Amino acid sequence: MILESQRRAVVEHAPALAALTPGRTGNLSVRDGAAGDAFAVTPTGVPYDSFDVEDVPVVGVEGDRRDGDMAPSSEVPMHAAIYRREDVGAIVHTHSPWATAMAVAHEPLPPIHYMIVAVGKRVPVAEYAPYGTDELAEHIVRAMDEADATATFVENHGLVVTAPDVETALENTHHVESLARLYLETRAAGLEPRTLSDAQLETVLEQFESYGQ
């Protein structure tokens, strides 16, 4: 079976989208290595826990469909464009409420907490375009490149997060959602969030090099 391990990863991790996005609106993909020419992606318009490995679509980085019993996500152009331009192994796209609130406000997330370094020093906002289009894909790639970030809000749409693997992509999606909530609740309380300096963020990045087991 083509990309069997990646397809199994999609089946295993897709249910996690239920806590991050309403209905069936999110999607995720797992690539055949950080520089592979194909990826497994959630099928379009089905509940996250209602498909099996053989259902999972496999798509080339040029957007060509290669395998799978179900049709791929409508956001294949976005996933394919990111994989063509970035050495990443997984992508998560959600309409999670706090991140999407930032997106509809066209508000980038500044470095209000040190955990932002999981995705960069800020989360930018990509320009709006209709979903599922090459234009939207280009806006997302450009926003992340210009901000040197692995995540971006998308105007009036949602959140996109990239990572070396799907576990990290989902974890960092939760980080961004949590920080977006913290930022908006601080503003709602009538307070002005204070931001960390570039030097402070660089120190965190150095500390993270030896973090964990």
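Modeller: Helices (H or I, at least four residues) and strands (E, at least two) are DSSP runs, numbered from the N terminus. The model is predicted, so local features need pLDDT of at least 70 and side-chain atom pairs count only at pLDDT 80 or more, while totals for chains, interfaces and linings use all residues. Residues are numbered from 1 along each chain as its sequence is written, and side-chain values use heavy atoms, leaving out hydrogens and water.

Let us begin with helix H3 (97-104) and the loop between this helix and strand S6 (125-126), where His106 is placed. Most residues other than glycine have a negative phi. His106, however, has a positive phi, near 55°.

We turn now to H3 itself. The axes of H3 and helix H5 (residues 166-188), which are lines fitted to C-alpha atoms over the stretch in contact, come within 7 Å and cross at roughly 60°. Angles here run from 0 to 180 degrees between N-to-C directions. H3 is therefore oblique to H5, a word for angles that are not under 35 degrees (roughly parallel), over 145 (roughly antiparallel) or 65 to 115 (roughly perpendicular). In this contact (heavy atoms within 4.5 Å), H3 contributes residues including Trp98 and Met102, and H5 contributes residues including Tyr183 and Leu184.
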